[in-house]
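Open the model in your viewer and keep the selection tool ready.

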Amino acid sequence: ILREQLSGGTPVRGLGTFAYNPRARRLLNIQSPHPIYDSNTHSHSIDIFIGTQALFWQVAGTHRCANSTASPCSDSTTTCGGGSQAYRTSDVAHFVDNFYQATSDAVSDRIPELVSISVHGFTPCNPTTATSLAVISNGTSGNMNGSIATTLAAALNAEIKGTSYSGLGSGSCNAPTNDPLDIVWPCNNNPFCGQTNVQGRSINNSANPCTAGTSAQLPERFIHMEQQQPLRRATPDANGLSRQIVIDAFNAAFARKITWVDFSHTGGEEGSFCQPFDSLLEGLNDASSNETIIIKAGVSSETLTIVQPVRIESYGGTARVVG
């Protein structure tokens, strides 16, 4: 865990907190750029991080409106009051010169298969108008067949159907037009698709994340998730809605996991980084089709047959299996 050094018991610069999970089973980075302002997203993101056994978690260290200095990045907002104005430099989702952006870029560059999830909250402009409980995108509004964003929205809808909630569920900015997941606009024709989120722009290979938009490519590596308050609750509301159904949807949509193997490991085994299996056979028995097995450098004298399609990588050097 990395966090800003305190001065007199309090943080001074709002640099944020960042956590790495050596027992991760999913290549996910759970991001919380708007703690305090988007209520409950801080604790919600922690629960997603733990509940999905994600690899990384990062949270901003300050309120998005904490200062009055304008960000040079594109677009404007009314979130800080006083009418439409530039985003603030304290808003890490709209300013690139900070530790939060550097961290997002570093882990994304280091791990090409990583998917970063930016967790947000919203309140409809008109609560009497039917509005989706969640809006999920890849940081763009472009229609895309096979989108992870649309897959996640469908998984969340499946969980919502298991509650007594009878309103609109989740929509995706990337669902084809007239698809059942094609979103209902939450606010003044603003779909909340995250096109100005600078972490998403960077991960989607924008030439200049601060000022230039971009399009997403398959496989997607960034998800922007806007949620109404019922989905951010720690405990179920009267309809049975809570953050747990979001966690369950993540585990369904990102079913692929990482299985770790270390031929020299002794002790408990669960297939995680810290408690890997000590044989490739055990790794193969744990992994499902199209999942990833990562073998730490070493040699094994196993004889085996691989019958399912899996991705096998080495970590920290060469891994050899000698039959």
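**Start in the core**

Select Ile30 and Leu156: these have the most contacts inside the largest nonpolar core, a set of 33 residues. A nonpolar core here is a set of buried Ala, Val, Leu, Ile, Met, Phe, Trp, Tyr and Cys residues joined through side-chain atoms within 4.5 Å. Buried means under 20% relative accessible area, exposed over 50%, and partly exposed in between (1.4 Å probe, protein chains only).

Now colour the elements that give two or more residues to this core: strand 3, helix 1, strand 4 (54-59), strand 7 (115-121), strand 8 (134-137), helix 3 (148-160), strand 10 and helix 5 (243-253). Helix 3 gives the largest share, seven residues. Helices (H or I, at least four residues) and strands (E, at least two) are DSSP runs, numbered from the N terminus.

A word on the source: this is a predicted model, where local features need pLDDT of at least 70, side-chain atom pairs count only at pLDDT 80 or more, and totals for chains, interfaces and linings use all residues. Residues are numbered from 1 along each chain as its sequence is written, and side-chain values use heavy atoms, with hydrogens and water left out.

**Zoom in on Leu156**

Which residues does Leu156 touch, leaving out those up to four places away in sequence? Show Ala134, Ile136, Ser170, Met225, Leu231, Ile245, Val246 and Ala249. Contact means heavy atoms within 4.5 Å.

Next, select Ala24, Ala60, Tyr100 and Val107. They are among the nine residues of a second, separate core.

**Backbone stops**

Go to Leu218 and Pro219. A cis peptide bond joins them, with omega about -5 degrees. Pro219 sits in the loop between helix 4 (198-203) and strand 10 (222-227).

Move to Ile36, in the loop between strand 3 (26-32) and helix 1 (41-51). Its phi is positive, about 75 degrees, although Ile36 is not a glycine. Is Ile36 buried or exposed? Exposed, because its relative accessibility is 61%.

Then pick Asn178, in the loop between strand 9 (170-172) and helix 4. Asn178 is no glycine either, yet has a positive phi of about 70 degrees. Asn178 is exposed, at 72% relative accessible area.

Most residues other than glycine have a negative phi, and most peptide bonds are trans.

**Zoom out**

Buried residues make up 50% of the 323 residues.
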